[in-house]
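Subject: Handover of a structural model

Dear colleague,

My account of what was found in it comes after the sequence and coordinates.

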Amino acid sequence: MVHKKTGNRYLGARPSKKAMSAARKRLSQLLWRGRTERWEEIRDELNRFLHGWAGYFAYGTPRPSFRVMDIHVAQRVRNLLRRRHKLPSSTARFTYAEVHRDLGVLELQSLLR
């Protein structure tokens, strides 16, 4: 791997592209727009998946991968809730902070702190 600031090479580990793709596919299955369960049930299932995924891939330098997953989760949750509440696509509701803090979705980066 290459350090972003210095450009020096170092030995490191991170999730593969295939693993990231599989995780995004699983998130899409969990957060598809046709789900009619209560938000709390969907959130709990989502958090179980995220916690397990983070536990498996929390070796090496996972911060960039966790950031990508957090952004993807926020977009998928925002899309699910926007459609569920019949809001326009240009709505400013369900921001990243609201999804990960107010709605109770696990933020993977917080596991590294």
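The notes that follow go from the whole chain to its helices, its core and a few individual residues.

**Overall architecture**

Please bear in mind that this is a predicted model. The protein chain contains 4 helices and 0 strands, and its elements run α-α-α-α from the N terminus on. Taken along the principal axes, the C-alpha atoms fill a box of roughly 50 × 25 × 25 Å. Of the 113 residues in the protein chain, 34% are buried. Among contacts with a separation of 6 or more, 63% are made by residues 24 or more positions apart.

**Helix 2**

Helix 2 has 18 residues, and the distance from its first C-alpha to its last is 26 Å, close to the 26 Å expected at 1.5 Å a residue. Its buried residues are Trp 39, Ile 42, Leu 46, Asn 47, Phe 49, Leu 50, Trp 53 and Ala 54. Viewed down the helix axis, these buried residues fall within an arc of 170°, so they line one face of helix 2. The buried residues of helix 2 pack against helix 1 and helix 3. On the face turned away from the buried side, helix 2 carries the exposed residues Arg 48, Gly 55 and Tyr 56.

**Helix 3**

The 22 residues of helix 3 should span 32 Å at 1.5 Å a residue, and its end C-alpha atoms are 31 Å apart, which agrees. Buried residues in helix 3 include Ser 65, Phe 66, Met 69, Asp 70, His 72, Val 73, Val 77 and Arg 82. The cover over the buried residues of this helix includes helix 1, helix 2 and helix 4 (96–102). After helix 3 comes Lys 86, which has a positive phi, near 55°.

Leaving aside neighbours within four places in sequence, His 72 is in contact with Arg 24, Leu 27 and Ser 28. Asn 79 also has its place in helix 3, but at 26% relative accessibility Asn 79 counts as partly exposed, because the cut-off for a buried residue is under 20%. The C-alpha atoms of Asn 79 and Arg 43 are separated by 14 Å, and the two residues are 36 residues apart along the chain.

**The nonpolar core**

Which residues have the most contacts inside the largest nonpolar core? They are Trp 39, Leu 46, Leu 50, Trp 53, Val 77, Val 105 and Leu 108, in a core of 26 residues. Helix 1 (17–30), helix 2 and helix 3 each supply at least two residues of this core. The largest share, 7 residues, comes from helix 2. Leu 46 illustrates the packing: not counting residues up to four places away in sequence, Leu 46 touches Leu 27, Leu 30, Leu 31, Val 73, Val 77 and Val 105.

**Aromatic residues**

The structure holds 4 aromatic pairs. In one of them, the rings of Trp 53 and Phe 66 have their centres 5.8 Å apart and their planes at 50°, so the pair is tilted. Trp 53 lies in helix 2 (residues 39–56) and Phe 66 in helix 3 (residues 63–84), so this pair ties together parts that are 13 residues apart in sequence. Both partners are buried: Trp 53 has a relative accessibility of 8%, and Phe 66 has a relative accessible area of 1%. Ring pairs link Trp 53, Tyr 56, Phe 57, Tyr 59 and Phe 66 into a cluster. Elsewhere, Arg 67 lies over the face of Tyr 96, at 5.3 Å from the ring centre.

**The loop between helix 2 and helix 3**

Pro 62 lies in the loop between helix 2 and helix 3 and is buried, with a relative accessible area of 7%. Apart from neighbours within four places in sequence, Pro 62 is in contact with Phe 57 and Leu 112. Pro 62 and Leu 112 are 50 residues apart in sequence, while their C-alpha atoms are 8.6 Å apart in space.

With kind regards

Notes:
Residues numbered from 1 in each chain as written. Predicted model: local features only at pLDDT ≥ 70, side-chain atom pairs only at ≥ 80, totals over all residues. Heavy atoms only, no water. Phe/Tyr/Trp six-rings, centres within 6.5 Å; stacked < 30°, edge-to-face > 60°. Buried < 20%, exposed > 50% of the residue type's maximum accessible area, 1.4 Å probe, protein only. Lys NZ or Arg CZ within 6 Å of the ring centre and 35° of its normal. Contact = heavy atoms within 4.5 Å. Core = buried A, V, L, I, M, F, W, Y, C linked by side-chain atoms within 4.5 Å. Expected span 1.5 Å × (residues − 1). Arc of directions from axis to C-beta.
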